[in-house]
Amino acid sequence: MTAHTVEYIRYRIPEDRSAEFLAAYTRAAAQLAVAPQCVDYELARCEEDFAHYVLRITWTSTEDHLEGFRESELFPDFLAEIRPYIADIEEMRHYKPTTVRGEGAAVPTLYAWAGGAEAFGRLTSVFYEKVVKDELLAPVFDGLAPEHAQHVALWLVEVFGGPPGYSETQGGHGHMVAKHMGRGITEAQRRRWVNLIQDAADEAGLPTDAEFRSAFLAYVEWGTRLAVYFSGPDAKPPAEQPVPRWGWGAAPPYQG
């Protein structure tokens with residue numbers, strides 16, 4: 001997948017024009033909000049010098065911006081709003097992300113919030129005790145290797161933001177997908193899997209707050225639906241991919 005393009009537009013707007021500038025961009029943003037080439041946008045104001053503004057727009061690509069949005073029926077209305085401020089632009093350029101990126105510790109990972117590796121170890125231990133006794137799922141896991149629960153714990157640890165133990169010892173996403181090829185998992189089995197792992201999360205003492213459980217269940221739904229697809233007769237193995245990293249989504253952890 002091609003990395004998105006980030007456009008930065010830096011403005012210097014005199015204080016007596018700032019209110020009209022913000023109002024104009026509020027109106028212009030309506031065109032960005034419906035543009036299929038626009039991923040997101042944000043206008044920020046400098047805290048040290050109120051005259052400085054930076055508009056950040058993430059485009060699907062530079063070409064999509066210049067040849068898509070600018071040639072679309074949305075652009076004239078957008079331009080009409082910002083035209084009075086074109087002379088105030090100090091920089092307008094496109095940037096591509098580099099490999100230097102990451103996340104800080106201001107928001108804990110799902111892995112840390114859950115209680116670390118020990119919590120996921122408890123989860124998979126309780127879960128697979130249930131699986132082998134379940135009449136619907138037991139056939140799927142017939143001949144379960146003794147280390148299976150440990151491997152799944154490593155997978156979940158890495159998915160939810162912990163150490164890359166699965167990648168280092170087992171492989172990436174393709175390795176996990178290969179475990180499901182040809183197994184013919186049914187929707188009923190998938191639903192039971194989802195229900196049992198939620199029960200196991202309760203018994204293993206994973207956090208029960210709405211934010212964590214919604215993120216946890218979102219991954220479980222995504223992962224099990226992929227498992228059903230890749231276990232089917234027409235599935236083709238994906239290209240080699242890293243282990244997915246799951247985040248909080250729309251609801252970050254509540255820290256009152």
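1. The helices α9 and α10 are roughly antiparallel to each other, a label given to angles over 145 degrees, whereas under 35 counts as roughly parallel, 65 to 115 as roughly perpendicular and the rest as oblique. Their axes cross at roughly 150° and come within 10 Å; axes here are lines fitted to C-alpha atoms, for helices over the stretch in contact, and angles run from 0 to 180 degrees between N-to-C directions. The crossing of this pair is right-handed, a crossing being right-handed if the near helix is turned clockwise from the far one by less than a right angle, and left-handed if anticlockwise.

2. Before going further, please keep in mind that this is a predicted model, in which local features need pLDDT of at least 70 and side-chain atom pairs count only at pLDDT 80 or more, while totals for chains, interfaces and linings use all residues. Residues are numbered from 1 along each chain as its sequence is written, and side-chain values use heavy atoms, with hydrogens and water left out.

3. Helices (H or I, at least four residues) and strands (E, at least two) are DSSP runs, numbered from the N terminus. In the contact between α9 and α10, where contact means heavy atoms within 4.5 Å, the residues on the α9 side include Arg190, Trp193 and Ile197, and those on the α10 side include Phe216, Leu217 and Val220.

4. Helix α9 has 17 residues, which at 1.5 Å a residue should span 24 Å, and its end C-alpha atoms are 25 Å apart, in agreement; the expected span is 1.5 Å times one less than the number of residues. Among its buried residues are Gln189, Trp193, Leu196 and Ala200, buried meaning under 20% relative accessible area, exposed over 50% and partly exposed in between, with a 1.4 Å probe and protein chains only. The cover over the buried residues of α9 includes α5 and α10, and just after this helix Gly205 takes a positive phi of about 80°.

5. Helix α5 also packs on α9, at an angle of about 130° and with the axes 8 Å apart, which makes α5 oblique to α9. The residues that make this contact include Leu123, Val126 and Phe127 of α5 and Trp193, Leu196 and Ala200 of α9. The crossing of α5 past α9 is right-handed.

6. Helix α5 (residues 116–131) packs with helix α6 (residues 148–159) at about 135°, their axes being 9 Å apart, and these two are therefore oblique to each other. Here too α5 passes α6 in a right-handed crossing, with Phe120, Leu123 and Tyr128 among the α5 residues that meet α6 residues including Val152, Leu156 and Val157.

7. In helix α1 (residues 18–33), the end C-alpha atoms lie 22 Å apart, which agrees with the 22 Å that its 16 residues should span at 1.5 Å a residue.

8. Ser231 lies in the segment after α10 and is buried, with a relative accessible area of 3%. Not counting residues up to four places away in sequence, the residues that Ser231 touches include His180, Met181 and Arg183.
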